[in-house]
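Subject: Handover of a structural model

Dear colleague,

Please find below the structure for your records.

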Protein chains: 4
Amino acid sequence: MQFLSDNAAAVHPRVWAAMQAADAADAPYDGDGLSRRLDDAFGDLFGRECAAIWVATGTAANCLALATLVQPHGAVVCHHEAHIEMDEGGAPGFYLHGAKLMLAGGDGAKLDPGTIREVIDPIRDDVHQVQPHAISITQASEYGRCYRPGELAAIGSLARERGLGLHVDGARFANAAAFLGCSAAQAAGPADVLSFGCIKNGGMSAEAVVFFDPAAADLARYRRKRAGHLQSKGRFLAAQVLAMAEGDLWLENARAANAAAAEIAGACGERLMHPVEANELFVRLSPEERSALRAQGFGFYDWGAEAGRFVTAWNNDPGAVAALARAISGL
Amino acid sequence: MQFLSDNAAAVHPRVWAAMQAADAADAPYDGDGLSRRLDDAFGDLFGRECAAIWVATGTAANCLALATLVQPHGAVVCHHEAHIEMDEGGAPGFYLHGAKLMLAGGDGAKLDPGTIREVIDPIRDDVHQVQPHAISITQASEYGRCYRPGELAAIGSLARERGLGLHVDGARFANAAAFLGCSAAQAAGPADVLSFGCIKNGGMSAEAVVFFDPAAADLARYRRKRAGHLQSKGRFLAAQVLAMAEGDLWLENARAANAAAAEIAGACGERLMHPVEANELFVRLSPEERSALRAQGFGFYDWGAEAGRFVTAWNNDPGAVAALARAISGL
Amino acid sequence: MQFLSDNAAAVHPRVWAAMQAADAADAPYDGDGLSRRLDDAFGDLFGRECAAIWVATGTAANCLALATLVQPHGAVVCHHEAHIEMDEGGAPGFYLHGAKLMLAGGDGAKLDPGTIREVIDPIRDDVHQVQPHAISITQASEYGRCYRPGELAAIGSLARERGLGLHVDGARFANAAAFLGCSAAQAAGPADVLSFGCIKNGGMSAEAVVFFDPAAADLARYRRKRAGHLQSKGRFLAAQVLAMAEGDLWLENARAANAAAAEIAGACGERLMHPVEANELFVRLSPEERSALRAQGFGFYDWGAEAGRFVTAWNNDPGAVAALARAISGL
Amino acid sequence: MQFLSDNAAAVHPRVWAAMQAADAADAPYDGDGLSRRLDDAFGDLFGRECAAIWVATGTAANCLALATLVQPHGAVVCHHEAHIEMDEGGAPGFYLHGAKLMLAGGDGAKLDPGTIREVIDPIRDDVHQVQPHAISITQASEYGRCYRPGELAAIGSLARERGLGLHVDGARFANAAAFLGCSAAQAAGPADVLSFGCIKNGGMSAEAVVFFDPAAADLARYRRKRAGHLQSKGRFLAAQVLAMAEGDLWLENARAANAAAAEIAGACGERLMHPVEANELFVRLSPEERSALRAQGFGFYDWGAEAGRFVTAWNNDPGAVAALARAISGL
């Protein structure tokens, strides 16, 4: 009964099927028929022209996206708990050739115009200080919180006003869209580029980077190759992404994970550190309580000394979810 | 009847089976049971201690390998037709932070101590000139030629004498080992690190980087993460690599491809630009002859104005191979 | 009556004289007789073997120093108000190929083992998080505070214990040594490498980087060339450094600047935001008071809304210093 | 009687005088009155709007210039004997974040449209091959050869046609302009950016980078700071550049050096490996002949086994020049 993470869950059968259907040799790299369908698939999903590329990890997706917005001497404003700051082993420094991450605050690991301004307003416009070139937000955030369309619009306005690009890290974008009950376009807001996550949502090894400025995608294609991310059997990545995005699988899987999280959340009451808006739960639990849950077979990470983090996935067993909810209620 | 490349061939059924067997969730990244078996699998294969990591492409494998041998202010000596120079979109410049490739010659895209010395001997030992830090050779070479153990030893001696690391790009290492009829260790020679190819040999999306100095692997693990190449469902890459390397599949597949190439070579006679030692054929063919072959349904790349390149794969249809041989004979 | 900064003050006559004496052609780069004296000059000054190179700016000095201690995938722990973080235009990100600065706190812009541990202790030893490779401290600090030998020893112990290099940014090292009344070696503490400032102390365009591990200097020599900092008429930089360091000029000039600062400090009383230990004063002054001082001809920078920063230099006119002290007393 | 290089010659008295006149404190970095005059000085010299910055070395000048034209995944086409390839310690790889130098041929170390096309025409327009972003030529070349205005125009046309930037390395630009007897603008041709050399021509430690697109200079200002090349007493560099460029000193000094070279060339006859168009002579001399010259007190570098390289400077003693001419004649 694992609730450690969605990042290692099994692959959805329809993703497997799509991969197997792609087995016959086709043109290498991204010249195959499936890869060539990505732009249209995401154009349909977002209702506007876009260009999309596959890539094997969320870290690569985020970094390739940011590399189209940020020059080496610039910076990205992000939350101090953002994945790009905390969990990507310095990949942004590598991909952006030493550009800086500027760390801002905000409840629930969400930025807002005020916290962004706190960071960028004091920066003198001179060469002695690194200048911001882009903002990166995470939808849903590291604490499973979702930006509402109005919040996205406000950040987008600030970005435009200051000449900054806007990147959305959507490792759990589907969970956000499912929670918000809005269109993909509304959940992405005025992003210039979106990391559209599949792996945590039933995929195996493919994320999409969706560029709302197709010219940026051309740049990213060079950078993807240069980063060793242009797989020769790229059709297998395209197949995964299309299996997700051409139909509703991305939403179905996210809804399942969200529903499981909501069911557990219902049992947590005051224990919840953050409202549950996606598929992550941060639950106040004493060490003894955590031990008790583990003794019952539940897997999860400690979150500091007095809490645990539970993540649901597209394929959680309903029985296990119900059991966890009961177990927490019963503590 | 495709002979365009082995790089987009179908995936071997035993690789598929291994991936499917890995579906159940395990620890993420390279903490799973399969990934933890890599060191031993390659230790057994090479008969000495080594540490191995998976990575999604040959480009990433080569660059992560080289990054353990070369500092940003140094250089790699490689053949002027090497993949790292010609076909990797500048990835070495990215991964090595601006280190240089020093281009040497040699028949059949193979280096030898003489051609290496031609490049490095004129370099003054001062800060004005970039200094070589490593040598990279390709086994089998871009022209499908294999380094004999004695040739490897000679290059290794030179490397040691000059304090240079030695990397072997083994995108088609299995084809070389199959041709040489020697052990994996003999085919790798005194390499410090080997890119062990699987993708062109029936894999989907996993190569191995084999470090004969385990400490170098620790460094490469940081760099792999930093390059966005640490996949969270890494078990699927480990599964592919183990399916290849724990048994004889790597050799079986290579033997099949080599045999197909040999059969076609037998029909080429004087047309061959290079002896066929692996699974690539460079065949002198006039434009009219190439058109004639294509009219019969054979796919292959032009190689300059007066030749074609044919690459066989693990799964070439025997009938198609025989047909191609006949067609060339009949020109 | 300028107290804006010591960084643009006139050049000391003995530095001018040394430069002029170096006019006759000598070997280029650092092959001249003066450059070859640097190692010994600093060996004498610090009482132990060291290797020293000249470089044109403090930013380059700091970055070349750090590049010998930090790999691209690592990090430097520094104060969040350190010059390398705030004022060097992202140069560490460039020179360290994307390595990170990890920002710690501490009174007076000084680190201590506790504040360093706050930053490094939570870092998991895995590839997902950037690992610290070095600590950089500033002697005297951005607020003109000096590390005592015991404080240096404590930081050095922590560095050794954790396998971290220790860099001292000594843009105002002379001011610190003058204040502490200790030897150069004591003021540098267990540093692996020291940026020894000359420019703010009466030099024109030369700082020294002093490596207490001579092998590190060899690496830095390559990196200096690669950064375009190996001047062909390097003898003029060596001349400046030797004029400073072979005799007592570095101390004389610093004592003069410190004495001027102390005289002004005596007039500031409760207005001082930081004890004055070098040649910088941070003085609480209302906007009206700042206007009044400026109306009397005193130049200085605002420091936030309610203070001013005054920096003395080796050549402050005693009358101007006394006048400033009187003017502040009279507010 | 040194003819080793112009790169370590004494500083011209008018440069010294300009530096001394700049001693009084002014605004730091490039905010001083002298630095602010650079744009106009070069605007006047080149007869069109431009923006110019000072920098301490030719290597930094070249690299900062190229960084405005070339992205990290691109390449610079240059001669295989260009300074940026042979003598800058890999600085372009550092400043351009791993971009590549593509090496072309051409007599006298000069490129021409044909040799450039030989390199760029075979490059497929796909992500597997690094794409050229700029061309860099050297005026005068490494062999002291000058591009005529028509040659520059032809290269410029090719550059525009292919969307490539054009950089001119003018470490000895003054010598070229003096030889060509044309305006500065004609000698620079359709360059986007010019490294305007002063150091080899009587300066101490300042070159100018002249951007004919002022927006590029804004980018370069950030990169200069980031490279640790923004000196706080920048007025001393501006003073040097202005002493050269505001009057005719740049031409006077170059004419003197060229005249000395011409005088020696007159004695060399068939010994000359290259026509002497600037201030460098490559003279066929046997080892015995070189020994004989050295025995007479002449300093110069060997150039391979059968030649010597002689470089004249602004301040060669007429007697020494005549003596060298006589000595060569007398061999």
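Two strands are taken to pair if DSSP finds at least two bridges between them. Helices (H or I, at least four residues) and strands (E, at least two) are DSSP runs, numbered from the N terminus.

This is a predicted model, in which local features need pLDDT of at least 70 and side-chain atom pairs count only at pLDDT 80 or more, whereas totals for chains, interfaces and linings use all residues. Residues are numbered from 1 along each chain as its sequence is written, chains are lettered from A and ligands numbered from 1 in the order in which they are written, and side-chain values use heavy atoms, with hydrogens and water left out.

The sheet of chain A

In chain A, seven strands form an open sheet with mixed pairing, in the order β1-β7-β6-β5-β4-β2-β3. Its edge strands are β1 (51–55) and β3 (100–104) of chain A, each of which pairs on one side only. On average, neighbouring strands of this sheet are turned by 25° against each other, direction ignored. For such angles, axes are lines fitted to C-alpha atoms, for helices over the stretch in contact, and the angles run from 0 to 180 degrees between N-to-C directions.

Within the sheet, β2 (residues 74–79) and β4 (residues 131–138) of chain A run parallel and are joined by four bridges. A:Gly74 has A:Gln131 as its bridge partner in β4(A).

Two helices of chain A lie across strands of that chain, where contact means heavy atoms within 4.5 Å. Helix α6 (residues 113–120) of chain A lies across β2, β3 and β4 of chain A and runs at about 125° to β3(A). Helix α10 (residues 214–226) of chain A lies across β1 and β7 (207–211) of chain A, at about 20° to β1(A).

Strand β4 of chain B

Buried means under 20% relative accessible area, exposed over 50%, and partly exposed in between (1.4 Å probe, protein chains only). Strand β4 (residues 131–138) of chain B is mostly covered, with eight of its eight residues buried. Four bridges connect β4(B) with the parallel strand β2 (residues 74–79) of chain B, and B:Val76 has B:Ala134 as its bridge partner in β4(B). Five bridges connect β4(B) with strand β5 (residues 165–170) of chain B, again parallel; the partner of B:Thr138 in β5(B) is B:Asp169.

Contacts between chains

Buried area is the accessible area (1.4 Å probe) that two parts lose on being put together, summed over both. Between chain A and chain B it is about 3500 Å², of which carbon and sulfur atoms give 56%. In chain A, the residues that lose the most area to chain B are A:Phe94, A:Arg226 and A:Lys233, together 22% of what that side buries. This contact takes 44 residues from chain A and 44 residues from chain B.

Chain A and chain C are in contact through 15 residues of each. About 1100 Å² is buried between them, and carbon and sulfur atoms give 39% of that area.

A residue of chain D

D:Ser205 is placed in the loop between β6 (193–196) and β7 (207–211) of chain D. D:Ser205 counts as buried because its relative accessibility is 5%. Not counting residues up to four places away in sequence, D:Ser205 touches C:Gln231, D:Val55, D:Ala56, D:Ile199, D:Leu237 and D:Gln240.

Yours sincerely
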